[in-house]
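Biologist: I am new to this structure and would like to be walked through how some of its parts pack together. Could we begin with a pair of helices and then turn to the aromatic rings?

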Amino acid sequence: MKTTVVGGGSWGTALATVLAKKGPVHLWARSKEIVDGINQTHHNPVYQADIELPKNIQATTNLAESVSNSELVCIVVPSHAMREVLANMSPHLPCSIPIVSASKGIENETLMTMDDVLKACLPAERHIDLAYISGPSFARETLLEIPTAVTIAARDSDRCKLVQTVFSTPYFRTYATDDVVGVELGGALKNVIAIASGIVYGMGLGHNTRAALLTRGLAEITRLAVHMGANPLTLSGLAGMGDLVLTCTGDLSRNRTVGVKLGRGQSLADILAEMKQIAEGVRTTKSAYDLGLRENIEMPITTEVFRILYEDKPARTALMELMGRQLKRERS
């Protein structure tokens with residue numbers, strides 16, 4: 001199968017190596033440096049540069065060329081770039097091929113998930129082709145072929161089965177679901193809790209605190225997702241709890257790294273200036289906060305992360321206020 005990955009960052013490069021097990025892959029990237037590096041040395045010179053890539057990955061800066069003859073397209077761009085990429089790509093997409101989104105986020109302006117954005121930007125007849133991939137999967141470990149399990153979500157069962165099969169390899173196991181809403185919201189909102197987890201670590205707090213944070217973070221993610229139509233069991237699976245645990249505890253997590261530095265007193269502006277890659281949770285925090293307000297869903301951890309990021313609230317003050325909230329029943 002001829003496939004295309006749209007996005008030359010760490011995760012796009014990792015998914016290209018997975019798809020390369022099944023046939024030739026075109027990888028589109030904006031950066032000529034990345035394209036030339038992959039084509040000439042079989043290494044991405046910017047992201048995970050020490051790992052050799054399969055020789056059947058061919059990179060290009062020409063988006064139309066990369067997708068025009070593809071049998072499956074996987075989009076792996078930052079959430080805020082999704083609309084622009086779709087506008088440039090959609091006229092060149094072959095008919096009836098799977099369109100898989102591996103991007104996690106919620107638009108700041110519209111509060112739309114990537115599923116909402118794709119459906120808004122693509123013709124109605126293409127909506128049956130849409131699928132989503134999410135779950136606990138650091139790019140570096142995927143590139144190193146360390147055993148990984150993810151979820152494929154699609155509303156059409158045949159399309160879901162096809163995408164599940166294409167992405168399945170001996171080290172990359174795929175599970176299927178029709179709960180697109182749960183997978184999309186779980187994948188986006190866990191990044192907010194990961195920032196909080198990093199803050200806790202950066203402040204020097206203990207395992208008790210982190211365990212409480214992850215558990216109550218999952219509770220508020222589930223509360224919002226179920227309100228938006230998700231199956232609560234999805235949030236206890238790979239795209240919910242699995243991704244949350246990985247992102248909140250793993251040293252490779254960009255969002256956790258932002259939190260650690262915030263917890264140690266560094267400013268958000270300085271942290272973001274140092275980073276080569278995008279921490280989606282910074283933008284998603286604003287979207288999640290606004291979405292919770294719009295839907296009248298209580299999200300106390302998200303609210304405090306928002307105030308730390310966007311209102312310069314001291315992290316220790318935020319923690320004290322979370323611990324001092326009115327006592328409640330756990331499942332209320």
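Biologist: How are the axes of helix H8 and helix H14 oriented to each other?

Modeller: This is a predicted model, and in it the axes of helix H8, residues 180–202, and helix H14, residues 300–311, come within 9 Å and cross at roughly 70 degrees. Angles from 65 to 115 degrees count as roughly perpendicular, so H8 is, relative to H14, roughly perpendicular.

Biologist: Which kinds of residues make the contact of H8 with H14, nonpolar, polar or charged?

Modeller: On the side of H8 the contact is made by Val192, Ile193, Ile195, Ala196 and Ile199, while H14 brings in Ile301, Thr302, Val305, Ile308 and Leu309. Sorted by kind, the residues of this contact include no charged ones and 1 polar one, and the count of nonpolar residues is 9.

Biologist: What is the arrangement of the rings of Tyr289 and Phe306?

Modeller: The structure holds 2 aromatic pairs. In the pair of Tyr289 and Phe306 the ring centres are 4.0 Å apart and the planes stand at 5 degrees, and because planes under 30 degrees apart count as stacked, the arrangement of this pair is stacked.

Biologist: Which helices hold Tyr289 and Phe306?

Modeller: The pair ties together parts that are 17 residues apart in sequence, because Tyr289 lies in helix H13, residues 280–295, and Phe306 lies in helix H14.

Both residues are buried, and the helices asked for are H13 and H14.

Methods:
Residues are numbered from 1 along each chain as its sequence is written. This is a predicted model: local features need pLDDT of at least 70, side-chain atom pairs count only at pLDDT 80 or more; totals for chains, interfaces and linings use all residues. Side-chain values use heavy atoms; hydrogens and water are left out. Axes are lines fitted to C-alpha atoms, for helices over the stretch in contact, and angles run from 0 to 180 degrees between N-to-C directions. Helices (H or I, at least four residues) and strands (E, at least two) are DSSP runs, numbered from the N terminus. Angles under 35 degrees count as roughly parallel, over 145 as roughly antiparallel, 65 to 115 as roughly perpendicular and the rest as oblique. Contact means heavy atoms within 4.5 Å. Ala, Val, Leu, Ile, Met, Phe, Trp, Tyr, Cys and Pro count as nonpolar, Asp, Glu, Lys and Arg as charged, and the others, Gly among them, as polar. Rings of Phe, Tyr and Trp (its six-membered ring) pair if their centres lie within 6.5 Å; planes under 30 degrees apart count as stacked, over 60 as edge-to-face and the rest as tilted. Buried means under 20% relative accessible area, exposed over 50%, partly exposed in between (1.4 Å probe, protein chains only).
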